[in-house]
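Hi everyone, thanks for making time for this one.

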Amino acid sequence: MYPVSADFLAALRAPHQMTVRVELWEGDTKRLTDSLAISDGSVTLDRTNQVFGTAEITAQLTRTRGLVVDQGTMIDFDAMNPYGLTLRPFRGIRFAVSTSTGPVALVEEVPLGRFLIEAITRDVGETAVKLQASGYRSFLRDDKFLTPYTPRPLDVPQRDILRTLITESRPTDLINAAEWGALPVTAVARGTAWESDRLAALDELATALGVQVIPDRLGVWRFSPINRTSPTPAWTIDAGPTGVLTKAELTTNRASVYNAVVAASESTTSATLPRRAIAKHTDPASPTRWGGPFGHRPYFYTSPQLRTQADCERAAAAILRTLVLADSVINLEAAPNPALDPDDAVTVLLPDGTSVVHVIDAVTIPLTPDGTLTITTRQRPDPAQENQ
């Protein structure tokens, strides 16, 4: 969860005054001196989405085709385009703080990410313009290799290729140096070549290293380990007079349940023997355990980047943790907490008194006061359930 104060979290459980602003940027230059004036919109962060996030925002035009911003300044709508402009939305809370000279209004806000504008839609004669944008990984998705990409020199570390794939496409972007430096110094497999897809190459290497590579809400590229132990719940979503839960829908579905992962190397030379590792869901109390009433349902993953037995074991364990290991999914509606992120654990306290800990797969954050937070969660896996 994005760091916020205790006062911020407490205010979410009581009537409060929210704030929203949306910045428009071109490269590393802020296009507007003020925020866009918006009438509707939301941001969705989704761990299952290739680009991780999307934003839909309705901004307002004047009759002379000026794009309205909060302080009344306007820019020409014709200057808007989907050719590299990005949106940076923020949602916050306004606090009244007492001082010796009287009350002062302070704002604590949460950045919701950076989003590449993909489409601009306006009905002729209307004053609203709809902006559709996608997460920052869209830049790497679009930046295909012009010719097949072969790492040079031979045996260069996989983490160096990860960094190169980002910086070649986004030379001014920042990366988290500490997380990158903590990655294993594992050499890329000889004979490796990617035909065209830069983002697929990035994700293949990330899986081999047991991490996910996603820009954070400030646009810094992170190399976040997929935690072996489940995180401490970041927030409680509960019903009642001081609660935030407004609706909950429980679904059980076996379609996305796997109880084993087989990760194998893909030999690129005749001198290299293929290797494999198996990670199983072994919690004896779980009906979806390997060998239990659910039966056997393995997931297979193969990559030439899995050069050693340790590589295969790391990838198998990491993939098993990202799959839905339990068949319990809860779709929630709640008072908006803009600080929540996918992969955050939350305690869900249902009206009947049932308390479960789930992990967020996707969260949609509204940008208007009447909007509702929607969350898709899955049951948190037990850290003792995996066995190589």
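The expected span of a helix is 1.5 Å times one less than its number of residues.

And where does this come from? It's a predicted model, where local features need pLDDT of at least 70 and side-chain atom pairs count only at pLDDT 80 or more, while totals for chains, interfaces and linings use all residues. Residues are numbered from 1 along each chain as its sequence is written, and side-chain values use heavy atoms, with hydrogens and water left out.

Let's start with helix α3. With 12 residues, α3 reaches 17 Å from its first C-alpha to its last, close to the 16 Å expected at 1.5 Å a residue. Which residues of α3 are buried? They are Q158, R159, I161, L162, L165, I166 and S169. Buried means under 20% relative accessible area, exposed means over 50%, and partly exposed is in between (1.4 Å probe, protein chains only). If you're wondering about the background, an α-helix has 3.6 residues a turn, so residues three or four places apart point the same way. And what do the buried residues of α3 pack against? The answer is α2, α4, α5, β11 and β12, with contact meaning heavy atoms within 4.5 Å.

Zooming out, the protein has six helices and 22 strands. Of its 388 residues, 46% are buried. Among contacts between residues at least 6 apart in sequence, 70% join residues at least 24 apart.

Next, some strands. Two strands pair if DSSP finds at least two bridges between them. Strand β9 (residues 115-122) runs antiparallel to β7 (residues 85-99), and two bridges join them; L116 in β9 is the bridge partner of T86. β9 also pairs with β10 (residues 128-135), again antiparallel, over seven bridges. There, R122 has V129 in β10 as its bridge partner. The hairpin of β9 and β10 has five residues between the strands, and G125 takes a positive phi near 90°.

Last topic: salt bridges. Side chains of opposite charge can pair when their charged atoms come close. The cut-off here is a side-chain nitrogen of Lys or Arg within 4 Å of a carboxyl oxygen of Asp or Glu. The structure holds 21 of them.

Take D341 and R217, whose side chains meet at 2.9 Å, N to O. D341 lies in the loop between β18 (328-334) and β19 (345-349) and R217 in the loop between β11 (211-215) and β12 (221-225), so this pair ties together parts 124 residues apart in sequence. D341 is buried at 18%, and R217 is buried at 8%.

D155 and R190 also form a salt bridge, 2.9 Å from N to O. Here, D155 is partly exposed at 30%, and R190 is partly exposed at 43%.

Finally, E23 and R21 bridge with their closest N and O atoms 2.5 Å apart. E23 is buried at 7%, whereas R21 is partly exposed at 25%. Both belong to a network of salt bridges that also links K30 and E109.

Methods
Helix = DSSP H or I, 4+ residues; strand = E, 2+ residues; numbered from the N terminus.
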